[in-house]
Amino acid sequence: MTTQHQTRPTAAAKPVRWAADAVSTMREGAGLRLDYSAQSLWRVDRIIDDLRREGTPWAAVAEVLRGLGAYAGEVIARQTGAEWWSSGGEHWLRTPDGRLWDPIEEARRCFTEDGSLRLLCRDATRRGI
């Protein structure tokens with residue numbers, strides 16, 4: 001029997017680790033349980049909103065945003081069968097219908113009030129338009 005991580009492309013290694021680190025950090029640091037469900041992305045959007053409203057400096061939040069974006073990507077991957085792809089240090093998802101998604105960039109956009117990981121997941125899990 002192979003594990004999910006063994007069958008996924010090597011591009012998934014870093015985002016899967018970043019997502020797991022975000023889950024652990026949120027559980028240990030904030031007492032929040034993230035369960036890789038689409039519903040949990042409501043909490044993630046609120047966490048990012050709170051960081052912005054508290055005036056957290058970009059340098060202090062950049063790694064957290066990367067982890068939360070990777071977490072959202074893993075939610076999408078688990079629901080759709082999407083695969084992580086990477087090029088030039090950037091990571092994005094390709095859903096089975098061929099669409100590309102950048103949840104890490106979307107997390108950054110959330111921090112500037114111009115994005116939503118919950119809505120990105122909703123759009124990505126809809127069948128091709």
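Reply: Phe 111 counts as buried because its relative accessibility is 10%, where buried means under 20% relative accessible area, exposed means over 50% and partly exposed lies in between, all with a 1.4 Å probe and protein chains only. This is a predicted model, in which local features need pLDDT of at least 70 and side-chain atom pairs count only at pLDDT 80 or more, while totals for chains, interfaces and linings use all residues. Residues are numbered from 1 along each chain as its sequence is written, and side-chain values use heavy atoms, with hydrogens and water left out.

The model has two aromatic pairs, counted by a rule in which rings of Phe, Tyr and Trp (its six-membered ring) pair if their centres lie within 6.5 Å, with planes under 30 degrees apart called stacked, over 60 edge-to-face and the rest tilted. Tyr 36 counts as buried at 18% relative accessibility, and Tyr 71 counts as buried at 0%.

Trp 58 and Phe 111 form a tilted pair too, with 5.8 Å from centre to centre and 50° between the planes. Here helix α4 provides Trp 58 and helix α5 provides Phe 111, and the two are 53 residues apart. Trp 58, at 42% relative accessibility, counts as partly exposed.

Returning to Tyr 36, the charged end of Arg 78 sits over its ring, 3.7 Å from the centre, a description used if NZ of Lys or CZ of Arg is within 6 Å of the ring centre and within 35 degrees of the ring normal.

Tyr 71, leaving out residues up to four places away in sequence, touches residues including Ala 19, Val 23, Leu 34, Tyr 36 and Leu 41, where contact means heavy atoms within 4.5 Å. Tyr 71 is also among the residues with the most contacts inside the largest nonpolar core, which has 36 residues; such a core is a set of buried Ala, Val, Leu, Ile, Met, Phe, Trp, Tyr and Cys residues joined through side-chain atoms within 4.5 Å.

Notes:
Helix = DSSP H or I, 4+ residues; strand = E, 2+ residues; numbered from the N terminus.
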